[in-house]
Amino acid sequence: MKQSLLIVEDDEPTRAFLADNLSADGFKVACAGGVGEGLRAIEVRHPSLVLLDLGLEDSHGLDLLDRVRSADGIASRLDPDLPVIVITGRAAEADRVRGFARGADDYLVKPFHYGELLGRVRAVLRRSGGRPRRGVLRVGELTLDPLTRAVRVGGLPVHLSAKEFSLLQALAEDPTRVRSKNELLRDVWGYLSIGQTRTVDAHACRLRRKLGSSGRGWVVNVRGVGYKLTDAA
Ligand code: CA
């Protein structure tokens with residue numbers, strides 16, 4: 001399986017350069033231009049490693065690092081141990097120290113040689129390989145492990161199809177929010193497709209049946225908007 005990287009960088013040419021080269025070197029690459037977009041991409045894509053620029057369009061890159069490192073690995077969609085390599089144009093020692101103090105796994109100063117970056121990415125991924133897996137999503141009695149794809153309700157396993165699992169994961173990643181059907185189509189089925197919302201309804205219906213024999217739903221239809229996950233207990 002390809003390891004996935006997230007590049008958080010507001011400079012388009014740098015982002016494209018990194019994405020092209022890292023893809024060519026066998027990584028699955030996603031990009032974000034700011035902290036907000038980056039956090040969302042981490043929640044949805046669960047990258048193996050983040051390349052983080054510090055001067056971003058909406059905020060400072062270390063804000064993203066703080067959010068990740070302070071996350072509760074059980075209740076949150078963010079894995080606090082997510083490997084992060086900081087990339088920045090600021091060579092000052094103070095920044096370097098600050099980057100590590102806040103939990104960066106490594107640090108590169110622009111301009112850097114691509115070969116050096118690749119070496120560091122591989123080294124950090126190797127080091128992080130033995131870490132205990134976190135990132136199990138939990139909503140009340142329901143747990144979902146994105147890595148093993150195991151779903152349990154009250155400790156009992158629930159067997160889901162691939163799409164049912166992805167739909168549940170999309171809802172569990174942000175259980176406080178109602179997800180629109182088009183949003184779910186995009187995230188789960190991977191295409192922008194207005195008007196195919198029956199697909200979402202059909203899967204949500206099956207998912208609801210499989211999760212709750214008691215008739216009390218985990219997957220709640222919010223009329224005219226979409227779906228959300230609520231603690232059925
Ligand atoms: Ca920048």
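Start at the calcium ion: its protein donors are D10 (OD), D53 (OD) and G55 (O), at 2.1 to 2.4 Å from the ion. Donors here are N, O and S atoms within 2.8 Å of the metal, or 3.2 Å for Na, K and Ca, and since water is not among the atoms, sites may look incomplete. Along the chain, the donors of the calcium ion are spaced as D-x42-D-x1-G. D10 sits in the loop between β1 (4–8) and α1 (12–24) while D53 belongs to strand β3 (residues 49–53), so this pair ties together parts 43 residues apart in sequence. Helices (H or I, at least four residues) and strands (E, at least two) are DSSP runs, numbered from the N terminus.

Before going on, keep in mind that this is a predicted model: local features need pLDDT of at least 70, side-chain atom pairs count only at pLDDT 80 or more, and totals for chains, interfaces and linings use all residues. Residues are numbered from 1 along each chain as its sequence is written, and side-chain values use heavy atoms, with hydrogens and water left out.

Are the two aspartates buried or exposed? D10 is partly exposed, because its relative accessibility is 30%, whereas D53 is buried at 5%. The cut-offs are under 20% relative accessible area for buried, over 50% for exposed, and partly exposed in between (1.4 Å probe, protein chains only).

Now for a pair of helices. Helix α2 (residues 35–45) packs with helix α3 (residues 61–69) at an angle of about 30°, and their axes are 9 Å apart. The axes are lines fitted to C-alpha atoms, for helices over the stretch in contact, with angles running from 0 to 180 degrees between N-to-C directions. On the α2 side, V35, G38, L39 and I42 make the contact; α3 brings G61, L64, R67 and V68. Contact means heavy atoms within 4.5 Å.

Next, look at D145, in the loop between β7 (142–144) and β8 (151–153). D145 counts as buried because its relative accessibility is 17%. Leaving out residues up to four places away in sequence, D145 touches V136, A150 and F165.

Finally, zoom out. The protein chain has eight helices and 12 strands, and 45% of its 233 residues count as buried. Among contacts in the protein chain with a separation of 6 or more, 56% come from residues 24 or more positions apart.
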